[in-house]
Amino acid sequence: MSAENNSQKSPWELYYGPNLGYIEEMYEAFLQNPESVEPAFRDSFAKWGPPPSAGAVVSVHPPLASGISGSDSIKTIDPAFLKKIVDAGKLVRNIRTYGHLAADNDPLGLVAPPDTRLLEPQTFKLSQDDLESIPASLIWEEAPGTIRTGAQAIAHLKGVYTNSFGFEFGHIHAEDERIWLHRQAEIGMASKQMSAKERIALLDRLIAVEQFETFLHRAFVGQKRFSIEGTDTLVPMLDEIVRELAHDGAKHILMGMAHRGRLNVLTHVLGKPYTAIFSEFHHSPNKEKDLFPSEGAMGINIGWTGDVKYHLGAHRSLQENETVETRISLANNPSHLEYVNPIVEGYTRAAQDDRSTSGYPKPDFGSAAAILMHGDAAFAGEGIVGETLNFKKLPGYENGGTIHIIVNNRLGFTTESSDSRSTYYASDLAKGYEIPIVHVSADDPEACIAAVRMACEYRQKFHKDFLIDMIGYRRHGHNETDDPETTQPLLYQKLRKHPVAARIYGERLKEKGLLSEDQIAGMRQAGLAKLQAALDEVKQNDKEYKQPKIDEKSKRRKKDIVTSVPLKKLKEINEELLKWPEGFNVYEKLERILMRRSTALENGSKVDWGLAETLAFATILSDGTPIRLSGQDSERATFAFRNLVLHDVETNATFSPLHKLPQANASFAVHNSPLAEASVLGFDYGYNVFSPETLVIWEAQYGDFANCAQVIIDQFITAGRVKWSQKSGLIMLLPHGYEGQGPEHSSAKLERFLLLAAEDNLTIVNLTSAAQYFHLLRRQAAIINTDEARPLIVMSPKSLIRNPSITSDPTEFSHGKFKLVLEQPGLGQRPDQVERLIFCTGKVAIDLETALELKDGQASDAWNWLHIVRVEQLYPFPKTDIEEIIKRYPKLKEVLWVQEEPQNMGAWNYVEPRIRARVTKETTVRYIGRPKRSSPASGFQYVHNMEQQRIISVALNRSTLTTTTKGENSHE
Ligand SMILES: Cc1ncc(C[n+]2csc(CCOP(=O)(O)OP(=O)(O)O)c2C)c(N)n1
């Protein structure tokens, strides 16, 4: 489109007939939407302006019979020739967009070649002569000076787009990015050829990668290692990424990967000594041959998965004008593929955020970066992948670009791609997130390194994710004890003859004259000698390598933590919380609600759940502890009690009083999360593990949705500490309570958490007062950065949020602390008369209290036979408090556990043995609640009401007092 250069007249005058029609059509489209036409047309049309009025465009000279040889020579244009130019332009576009289909990046040549006719000049009836006659600049604006003709341009672009690399950039909407990516591919990469020194170093690395695996294979026969062989180039790729990111100033590089090639990455990228790895193999039982061949089997857990320290980092100092110290960390990873992704994203953002001052934390995207490695089957199949990719542009979760590598061996265990995905490429999911994709052969290490450099430059420039699909193969079975020929016979017959990457690359360097056969043999010998020396050392010392632990002993549950706050300070803070900038127009209804808080701390007033939470947050910030709260609609809260972010009704501007609180000494992040549980909980857990000094809270919309995140709960939150010494003080707020809203939205599945509780791994609570919540939050904030830190599971309230019964006196905030159990006020004052003791937890306690019809906080004497105790903390079980209470009542006939949940759910199965162990033989232990059910709650409000009423009335009915003295419990 350089017609404007060729004439003093309007460029429109160069066109006539059908070509004029075509160009005019393009111009129409340009007027409608400039993005809809090729950039070349767009630029030209912008310069040309509209065509002269009809009839004004006249045919100029007759067409040149021989075409044109340079743009200067254009005087008149033959319509047929013009069509060829347009078609050549289309061909260029096709090569750029679909060239990847023809790329030579499948090391084994297994995939049937797709139809790539649209990349051929013949498809457009373009002959070689035609292309020779078109100036290159007409179809490729940025063609370098050495490329003069269309034929040369097409040859070059085909080389770029259909040889080593399969570039997919067409899905990137941002024009500047797309142009940059194409420019890099077409010109930039070629200008960054590797030096001879770099090439030799690359070969050396590949030899080390290969030898490490083959050495392990021979030295530890029959042990699984999930060899990297077939995707060996991953290691030098990681080397290069680390180098580039460190050079750009990253202080932390956070990596996540699964089993495949992990040992190789641990030793070569993270610097775990050969001796350490050999020692683990040497001391592993080697009896796992009969175990199910998965990476979860013993051979792999012993030594390097189960006990790998979270910050298994290698320090590396790079000399780049100044010394930059970069910490590289590989996240602990459970067997569950891809679930580590959000954890690593959380680490990364935590590493980037500056939380030292009030307001939102300030991220520095350059200071840390994430690298995620994926299996091809897992990337396409596991939903957590998409959930995590979705963080890419979300303010509370973005990290300035994750570099993804699909370690693509084209198999998932024994399953072929044709059975594991419906997409053409394993990487296709990434397209929806506008992530640039490069498909590259693992057997072409230089191409892999070039792709890595492009990825790092792109991240540096655009702060966005990049994906490299490294296509290789798997040399052995899923693990090394598996016989892959049972399921992929032809592939493995072919593979037996296929040389490893280091051999292929060695040959290439020999051909280039960079190395001789003897030199390569010398490199191999040196590598082998290192491995042998390490093994000899391990055998001689015969000492087991012990993974370092974060903390061997953890001191638990300190009693002396002060969580109360002087009333004066609370009042000052409360006053500040009700201030917003001059001219900020708060929604009137909300303003009225908020302003009611102004007197809540006065004598005789009450503090509700929402204010208790805000005061807890504010005082925690004032103590210098940063807070991060994320969850669906968490800014306002599902139940609209929080409203921590105000919206100006006239401008839509937002303001959070906690950000401008003068007393605040740390950042406060509150984010409405995307509609996902596993990824968001994983992210927040990761954030907290990386930044243990931050109070991190994840909130479920309703507690039952936490089961969408069950893998994160089972594999990380509850087990991370014993598996990996990975500490977390994450809080999970799970709205729970039976309020007739149906099978879903009632139960947060308390029983699941109780089932997972052991070895002091969690704190599980179900609260009935605003002050309890305040003290609990402050208590957690005080311990998160100590050995005492444990994830805190809160069955949080729904209707109770607005129930006056759970509001607290201001003095309960300025005095006292979190109590493990709460005794029903107004009951149990005549210990000698109490015959029934009810234990319960959460909302049902308030239903019971309501039914007691207290007067001035006192129950009538008619209730002297009864006492009710709320178990506010279920795990660890408050046995001392409960024993003391039980002992207080000499005439006790029975202890009831009253719950709203069905008998097979809730806390009954958990508390029953714990209560039974603490009562006399003569005391009956009984259950009152819903019968066993497969669905947690009824779908009908009236059924719910009836059930609830029955539970309360049986619990409070003296005539149902047990008459037996045998002590056997009877289950309702
Ligand atoms: C969530 C989950 N489901 C199933 C498995 C069992 N499993 C282990 S490896 C594997 C195949 C993985 O294939 P791919 O993602 O291509 O990685 P590769 O092993 O080929 O490197 C399967 C199904 C698992 N570890 N995690």
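**A walk through a predicted model**

Hello everyone, let's start at one residue: F226 is buried, because 21 other C-beta atoms lie within 10 Å of its own. A word on that term: a residue is buried if 20 or more other C-beta atoms lie within 10 Å of its own, exposed if 12 or fewer, and partly exposed in between, with C-beta atoms placed from the backbone. Before going on, please keep in mind that this is a predicted model, where local features need pLDDT of at least 70, side-chain atom pairs count only at pLDDT 80 or more, and totals for chains, interfaces and linings use all residues. Residues are numbered from 1 along each chain as its sequence is written.

Back to F226. F226 is found in the loop between helix 8 (196-219) and helix 9 (234-247). Helices (H or I, at least four residues) and strands (E, at least two) are DSSP runs, numbered from the N terminus. F226 also has a positive phi of about 50 degrees, although it is not a glycine. Most residues other than glycine have a negative phi, and most peptide bonds are trans. A637 shows a positive phi too, about 85 degrees, and is not a glycine either. You will find A637 in the loop between strand 13 and strand 14 (646-647). Buried or exposed, then, for A637? A637 counts as buried, because it has 23 C-beta neighbours inside 10 Å.

Now the whole chain. The protein chain has 33 helices and 26 strands. Of its 972 residues, 48% count as buried. Contact here means that the C-beta atoms of two residues, placed from the backbone, lie within 7 Å. Among contacts between residues at least 6 apart in sequence, 80% join residues at least 24 apart.

What surrounds the ligand? There are 17 residues around the ligand, and the closest are R260, G375, A377, A378 and G412. Helix 14 (376-381) and strand 9 (411-412) are the elements that give two or more residues to this shell. Helix 14 gives the largest share, three residues. To be near a molecule or strand, a residue needs its C-beta atom, placed from the backbone, within 6 Å of it.

Next, the sheets. Two strands pair if DSSP finds at least two bridges between them.

Strand 22 (residues 836-840) runs parallel to strand 23 (residues 866-871), and five bridges join them. L837 stands opposite H867 in strand 23, while C840 has R870 as its bridge partner there. In a regular strand the side chains alternate between the two faces of the sheet. In strand 22, R836, I838 and C840 point one way and L837 and F839 the other, and all are buried.

Strand 19 (residues 763-766) and strand 24 pair in the antiparallel sense over two bridges, and V765 stands opposite Q873 in strand 24. P876 is found in the loop between strand 24 and helix 31 (879-887).

For contrast, take E759, in the loop between helix 27 (750-756) and strand 19. E759 is exposed, because 9 other C-beta atoms lie within 10 Å.

Finally, the core. A nonpolar core is a set of buried Ala, Val, Leu, Ile, Met, Phe, Trp, Tyr and Cys residues joined through C-beta atoms within 7 Å. The largest one holds 240 residues, and those touching the most other members include A451, I838 and F839. Helix 17 (residues 445-462) gives the largest share of this core, ten residues. A451 touches F165, V438, V440 and I468, not counting residues up to four places away in sequence.
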